[in-house]
Amino acid sequence: EKSLTIRKKLLGESAEVAITYHKLGDTYFQSEQHEKALIFYGESIRINKKIDDKEALYRASLDMAHCCDEARKFQLAIECYSSCLQETNELEDDMNAALVMKRMGEIHMNELKNYRDATTLFLDALELLRAETELDETEEKAIVSLIFQSGQAYGLSQEYETAIDYYDEYIDLVESSSVENGDLLVSDALFEKSKIYAFRFNPDFDIAIETMKECLDKKKKSYGQDDERVALVAFELAKIYEKAGLHA
C-alpha cells in the first residue's frame with residue numbers, strides 16, 4: 001500500500017495506479033479479506049472508467065464479481081458481472097460475454113432463485129456461442145453445460161415440456177460426442193427428467209420409473225453398488241414408486 005501512495009502522488013489517477021489498486025485487491029482476495037479486496041477493486045474500476053481503459057475495466061470488474069461470489073454478495077456480483085458484460089459488448093468479445101452470462105445465470109438460478117432471469121441468460125449465452133464459426137474445446141464444453149442448465153432453469157420455472165426437450169438435446173449431444181464421463185453426464189439428465197415426469201402436474205409414473213432405472217444403472221456402472229450417489233438415485237426411485245402407489 002506504500003507503493004500505491006507514492007504512485008498516486010507521482011502519477012495521479014493513471015493506468016499504473018489503477019493496476020496497483022487491482023493487484024492489492026487480488027492480494028486481499030487471495031487472503032480471503034473480501035471487504036478490503038472489494039474496496040481496492042472498486043477504486044481500480046473507478047479509475048479505469050475515468051481513463052476509459054475498457055480492457056482493464058473488464059478485468060477489474062470480473063475479479064470484483066468473483067470476489068463478491070466468494071463473499072456471497074450475490075446481488076453485487078450480478079451488478080459487477082453486468083458491468084463486465086457491457087465491456088465485452090464494447091470489446092466485441094462474444095466468448096467472454098457468453099461465459100459472463102452463464103455465471104450470472106447460475107447465480108440467478110442457484111442463489112437468487114430468479115429462474116426466468118436464469119433461463120434468459122442461459123439462452124442468450126447459447127445463442128452467442130452457437131453463432132461462433134469455429135469453437136474451441138472450452139466453448140464446446142460451455143455449450144453442453146448451458147444446454148443442461150437451460151433444462152434445469154426451465155424445470156424450476158415449471159415449464160416442464162421445454163425442460164425435457166433441453167435434457168433430450170443434452171443427452172443426444174453427449175452420446176454423439178467423445179466427451180469424458182459421458183455415461184455420468186447422461187445419467188444426470190435422466191435423473192432430472194425422471195423427477196419431472198414423476199412430480200409435474202400430470203405425472204407419468206411409468207416413464208419416470210423407466211428413466212430413473214436407466215439412471216440408476218449408469219450410476220452403478222460408474223460408481224459401484226455401494227456408493228452414496230447410487231443410494232441417492234435408489235432413494236429417488238423409491239419415492240417415485242411410493243408416489244405412484246398413492247395415485248394408483
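Colleague: Is Glu175 buried or exposed?
Modeller: Glu175 is exposed, at a relative accessible area of 52%. Exposed means over 50%, buried under 20%, and partly exposed in between, with a 1.4 Å probe and protein chains only. This is a predicted model: local features need pLDDT of at least 70, side-chain atom pairs count only at pLDDT 80 or more, and totals for chains, interfaces and linings use all residues. Residues are numbered from 1 along each chain as its sequence is written, and side-chain values use heavy atoms, with hydrogens and water left out.

Colleague: Which helix has Glu175?
Modeller: Glu175 lies in α9, residues 160-175. Helices are DSSP runs of H or I with at least four residues, and strands are runs of E with at least two, numbered from the N terminus. The C-alpha atoms of Glu175 and Val186 are 7.7 Å apart, with the two residues eleven apart along the chain.

Colleague: Now Arg200. Where is Arg200 found, and is Arg200 buried or exposed?
Modeller: Arg200 sits in the loop between α10 (182-199) and α11 (205-223). Arg200 counts as buried, at 11% relative accessibility.

Colleague: What does the side chain of Arg200 join in a polar contact?
Modeller: The side chain of Glu161, at 2.9 Å. A polar contact is a pair of N or O atoms within 3.5 Å; within protein, one must be able to donate a hydrogen and the other to accept it, and residues adjacent in sequence count only if both atoms are side-chain atoms. Setting aside neighbours within four places in sequence, Arg200 is in contact with Tyr160, Glu161, Ile164 and Lys195. Contact means heavy atoms within 4.5 Å.

Colleague: And Ser150, buried or exposed?
Modeller: Ser150 is buried, with a relative accessible area of 0%. Ser150 lies in α8, residues 137-156. Not counting residues up to four places away in sequence, Ser150 touches Phe122, Leu123, Leu126 and Tyr166.

Colleague: Different topic. What is the phi of Glu32?
Modeller: Positive, about 65 degrees, although Glu32 is not a glycine. Most residues other than glycine have a negative phi. Glu32 is in the loop between α2 and α3 and is exposed, with a relative accessible area of 63%.

Colleague: What about Arg72?
Modeller: Arg72 has a positive phi of about 60 degrees and is not a glycine either. Arg72 lies in the loop between α4 (54-70) and α5 (74-91). At 56% relative accessibility, Arg72 counts as exposed.
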